[in-house]
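These are my notebook entries on one structure. I set out to look up a sheet and some aromatic contacts.

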Amino acid sequence: MSNHSINALAGQAVERMVSGADQLRVLVSKGELGETIIDAGKATRGGIEAGIAIAGICLGGLGTVTLAATGAGRWTYELCVSSCDPVIACLASQYAGWALSHGEGKSGFFALGSGPGRALARKEPLFEELSYRDQASRATLVLESDRAPPREVTEKVANDCGVAAENVTFIFAPTQSLAGGVQIVARVLEVALHKSHELKFPLERIVDGVASAPLSPPHPDFVQAMGRTNDAIIYGGKAHLFVTGPAADAKALAEQLPSRTSRDYGRPFAEVFKANKGDFYKIDPMLFSPAQASVTAVESGETFHAGGIDQKLLDVSFG
């Protein structure tokens with residue numbers, strides 16, 4: 001496991017975002033308790049570059065996110081993600097697993113927190129399987145939200161992370177925004193890691209990873225915007241994992257990873273979401289996977305492939 005402090009590494013990226021706020025079109029402010037708040041898409045335009053910066057912060061400074069031209073199909077630009085420490089970058093940091101809430105109803109606040117601050121708090125059951133424990137004097141969280149958290153949530157985060165409130169940073173961007181959409185699509189490698197974990201593949205045997213997914217266009221409706229970001233991964237995502245151990249295990253993982261193994265495969269995600277009355281827990285968890293998977297057994301040099309891009313469904317989803 002990594003010896004790096006992902007909060008310290010991400011903190012450097014946060015400082016670059018703050019100093020380049022005008023160029024990235026983000027708004028930086030201070031909250032009631034002195035915490036830093038970065039709005040990347042609600043009261044400001046934000047954009048693709050801001051989303052890429054946020055995605056790098058989500059990875060705890062242990063991954064690289066770039067934009068590349070593919071030259072294939074209608075959607076010719078894709079986000080490419082790589083990490084030499086994918087388990088820590090994706091599961092200990094990027095995974096949106098910390099539920100933060102205060103109050104109820106429309107006036108209440110709820111958001112899933114991702115980013116390196118999770119590895120300080122270690123509040124999720126996932127951390128029982130991850131030996132990595134960060135130590136840092138600052139904490140950063142990224143929220144899929146259209147507003148900053150209230151004072152009570154800031155206090156909880158600071159307390160759970162063991163840092164002063166003025167050393168906490170919250171970055172938020174609505175899913176409907178350009179930056180929000182980008183940072184969600186940039187989770188394509190994390191989705192492959194999470195699916196591998198769900199399939200009980202030993203995480204310590206995943207030694208490297210790269211993945212890509214098409215840049216989805218934004219949409220003003222939340223469900224449609226969420227659907228497009230998910231479809232970018234489910235129908236357009238490609239992941240390549242490098243693993244140790246027997247080639248037979250690599251082959252089995254490749255065959256089980258793609259999204260088409262799910263019973264809910266075959267419809268735009270927005271339709272699946274509505275059909276399940278907006279209940280994520282009723283959706284087959286095996287759907288949350290890249291469309292195409294390659295797994296290399298590094299000790300034998302064999303690579304196994306499964307799945308494939310569904311261009312027609314991408315066209316339907318993206319409009």
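I call a residue buried under 20% relative accessible area, exposed over 50%, and partly exposed in between. The model I am reading is predicted.

Entry on accessibility. Y265 has a relative accessibility of 21%, so I record Y265 as partly exposed. Y235 has a relative accessible area of 1%, and I record Y235 as buried.

Entry on aromatic pairs. I searched the whole structure and found 7 aromatic pairs. One of them joins Y235 and Y265: the ring centres lie 5.0 Å apart and the planes stand at 65 degrees, so I note the pair as edge-to-face, the cut-off for that class being over 60 degrees. I then placed both residues in the chain. Y235 sits in the loop between α9 (222–234) and β10 (238–243), and Y265 in the loop between α10 (247–256) and α11 (269–275), so the pair ties together parts 30 residues apart in sequence. I also looked up an aromatic cluster, which is formed by F269, F273, F280 and F288.

Entry on the sheet. I traced an open sheet of 6 strands with mixed pairing, and wrote down its order as β1-β2-β8-β7-β6-β5. At its edges I found β1 (27–30) and β5 (98–102), each of which pairs on one side only. From one strand to the next, I noted a twist that averages 30 degrees.

I followed β5 to strand β6 (residues 109–114): the two pair in the antiparallel sense over 5 bridges. Which residue of β6 stands opposite A99? I found L112 there.

Key:
Residues are numbered from 1 along each chain as its sequence is written. This is a predicted model: local features need pLDDT of at least 70, side-chain atom pairs count only at pLDDT 80 or more; totals for chains, interfaces and linings use all residues. Side-chain values use heavy atoms; hydrogens and water are left out. Two strands pair if DSSP finds at least two bridges between them. Helices (H or I, at least four residues) and strands (E, at least two) are DSSP runs, numbered from the N terminus. Axes are lines fitted to C-alpha atoms, for helices over the stretch in contact, and angles run from 0 to 180 degrees between N-to-C directions. Rings of Phe, Tyr and Trp (its six-membered ring) pair if their centres lie within 6.5 Å; planes under 30 degrees apart count as stacked, over 60 as edge-to-face and the rest as tilted. Buried means under 20% relative accessible area, exposed over 50%, partly exposed in between (1.4 Å probe, protein chains only).
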